[in-house]
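Work through the exercises below with the sequence and the model side by side, and try each task before reading its solution.

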Amino acid sequence: MYTTSCVIPVIKSPKDYQAYRISPHDSNRLAIIFDSVSANTSLTCCVEIFDVGGQTPPNRHEWAVEMFFILKGEGIVICDGKTVGIKAGDSLLVPPTGTHLIRNIGDSRLYTLTIMIPNEDFSELIRSGIPVELDAEDMTVLGRLDSLKFV
């Protein structure tokens, strides 16, 4: 059936993203794009930023599927004891209950677009952390200014 109603989409730009470090000891930051608060749905979509040598703590999710798209940099993923290299353009899908971590093994920051469905309290965990600012390098990657070519 054809409908005449239209839902206005939520549009955000990198300057709108809120970034957090979950704990003071973490070596990665998460910039929330959309989550249960901002999108009123059970998903978390963020950009994870790993400093050189940084990694996530080993973690697992009971019900959620987590997808990572590597935007920039290189790293390794360890999932249930298996290690795989990742680089810009690669995608990774971690099923529920897979114990996993991502480590930056490159000589620059590693950036991943991370999506978790359902949210499984991920965005609440992120927002309970320490607010941090995104720096010029982060904004360049998030705004894709490093890929613009002027002719």
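**Exercise 1.** Which residues are linked in a network of salt bridges?

The model is a predicted one, in which local features need pLDDT of at least 70, side-chain atom pairs count only at pLDDT 80 or more, and totals for chains, interfaces and linings use all residues. Residues are numbered from 1 along each chain as its sequence is written, and side-chain values use heavy atoms, with hydrogens and water left out.

Step 1: apply the criterion, by which a salt bridge is a side-chain nitrogen of Lys or Arg within 4 Å of a carboxyl oxygen of Asp or Glu; the count then comes to ten salt bridges.

Step 2: trace the connected residues, and the network is found to consist of R29, D51, R109, D135, E137 and D138.

**Exercise 2.** Locate the salt bridge between D138 and R29 in the chain, and state whether its two residues are buried or exposed.

Step 1: the closest N and O atoms of D138 and R29 are 2.7 Å apart.

Step 2: assign the elements, where helices (H or I, at least four residues) and strands (E, at least two) are DSSP runs numbered from the N terminus. D138 belongs to helix α3 (residues 136–142) and R29 to strand β2 (residues 28–34), so the bridge ties together parts that are 109 residues apart in sequence.

Step 3: both D138 and R29 are buried, a term that means under 20% relative accessible area, with exposed over 50% and partly exposed in between (1.4 Å probe, protein chains only).

**Exercise 3.** Describe the salt bridges that R109 forms with D51 and with D135.

Step 1: R109 meets D51 with an N to O distance of 3.4 Å. R109 sits in the loop between β8 and β9 (110–117), whereas D51 sits in the loop between β3 (44–50) and β4 (65–72), 58 residues apart.

Step 2: R109 meets D135 at 2.8 Å, N to O. Because D135 lies in the loop between β10 (130–132) and α3, this pair ties together parts that are 26 residues apart in sequence.

Step 3: R109 is buried at 16% relative accessible area, while D51 is partly exposed at 26% and D135 is partly exposed at 30%.

**Exercise 4.** Give the strand order of the open three-stranded sheet and identify its edges.

Step 1: the order is β6-β5-β8, with antiparallel pairing, where two strands pair if DSSP finds at least two bridges between them.

Step 2: β6 (82–87) and β8 (100–104) each have a single partner strand, so they stand at the edges.

Step 3: β5 (residues 74–79) pairs with β6 over six bridges, and V77 has V84 in β6 as its bridge partner.
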